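Subject: Structure handover

Hello,

Here is the structure for your files. My notes on what turned up in it follow below.

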Amino acid sequence: MTQKDERTWAIFISLAGIIGMTIGLISPVGNIIAVLVLWLIKREQSTFLDTEGKEALNFQITMSLAALIVNMIFFFIGTLWTLSTFWWMSYSPNFSFRFVSGRNGIVWLINVIFSIIATIKASNGEVYRYPINLRLVK
C-alpha cells in the first residue's frame, strides 16, 4: 500500500466517527461501528492505519460513553423535575422544564473538532493521539 493510500484511508477512518454520529438516529453507536468496520478492514495492511484506527475507535467509544452520561444526567434531572411538579403544584402551570434539543451537542462538537484535527494530521501522514481518550482497544 502506498503512503498516499494509507493517508487516504486514515482520513476515512478519522471522518467515519463524525459521519456515524451524525447518522446516529439509526443506531446510537453508529460512530463506533463506522470506525470499527474501516479499522478491521485495513488494520492488517499498515501499521499507520492500525494505530490511527485504534485511536479513532477509542475516541468514538469515549464520545459514546460521554453522550450516554449526558443523557443519563438529563434523564435524572427531568425525572426529578417531573416528580417535583407532580407533587408540588405550587409552581406556575405555564412554566415547563424544556430540554435543549441538542443536549449531546457539546459531545458532538468535541467529536467534530478532534476528528477534523485527526483528519488534518492523517492527511499529512502524522499519527494523532486524541487528548480526550480512553484507550480501551490496545
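A search of the whole structure, which is a predicted model, gives five salt bridges. Two of them involve Glu55. In one, the side chain of Glu55 meets that of Arg129, with 3.4 Å from N to O. This pair links distant parts of the chain, since Glu55 belongs to helix 3 (residues 47-87) while Arg129 is in the segment after helix 4, 74 residues apart. In the other, Glu55 is bridged to Arg135, and the closest N and O atoms are 2.9 Å apart. Here too Glu55 is the helix 3 partner and Arg135 comes from the segment after helix 4, so the bridge ties together parts that are 80 residues apart in sequence.

Arg135 has 27% and is partly exposed.

A further salt bridge joins Glu44 to Arg43, and its closest N and O atoms are 3.8 Å apart. Glu44 is exposed, with a relative accessible area of 67%, whereas Arg43 is partly exposed at 33%. Arg43 has a second contact to note: its charged end sits over the ring of Trp39, at 5.0 Å from the ring centre.

Next, the aromatic residues. The count of aromatic pairs comes to four. One of them is Trp9 with Phe12, an edge-to-face pair with 5.5 Å from centre to centre and 80 degrees between the planes. Both residues are in helix 1 (residues 3-22); they are three residues apart there, which means a separation of about one helical turn. Trp9 is partly exposed at 26% relative accessible area, and Phe12 is partly exposed as well, at 42%.

Tyr128 and Tyr130 make another pair: the ring centres are 5.1 Å apart and the planes stand at 75 degrees, so this one is edge-to-face. An angle over 60 degrees is what that label needs. Tyr128 counts as buried at 10% relative accessibility, and Tyr130 is buried at 2%. The two tyrosines also belong to a cluster, in which ring pairs link them with Phe59 and Phe114.

Gln60 is located in helix 3 and, with 1% relative accessibility, counts as buried. What is Gln60 in contact with, leaving aside its neighbours within four places in sequence? The list consists of Gly17, Asn31, Ile32, Val35, Asn111 and Ser115.

Last, the values for the chain as a whole. Its secondary structure comes to four helices and zero strands, and from the N terminus on the elements run α-α-α-α. The chain has 138 residues, of which 33% count as buried. Among contacts with a separation of 6 or more, 72% are between residues 24 or more positions apart. The chain exposes about 8,700 Å², and carbon and sulfur atoms supply 70% of that area.

Regards

Definitions and conventions
Residues are numbered from 1 along each chain as its sequence is written. Side-chain values use heavy atoms; hydrogens and water are left out. A salt bridge is a side-chain nitrogen of Lys or Arg within 4 Å of a carboxyl oxygen of Asp or Glu. Buried means under 20% relative accessible area, exposed over 50%, partly exposed in between (1.4 Å probe, protein chains only). Helices (H or I, at least four residues) and strands (E, at least two) are DSSP runs, numbered from the N terminus. Contact means heavy atoms within 4.5 Å. Rings of Phe, Tyr and Trp (its six-membered ring) pair if their centres lie within 6.5 Å; planes under 30 degrees apart count as stacked, over 60 as edge-to-face and the rest as tilted. A charge sits over a ring if NZ of Lys or CZ of Arg is within 6 Å of the ring centre and within 35 degrees of the ring normal. Accessible areas come from the Shrake-Rupley method with a 1.4 Å probe; for residues, only the protein chains shown count as cover.
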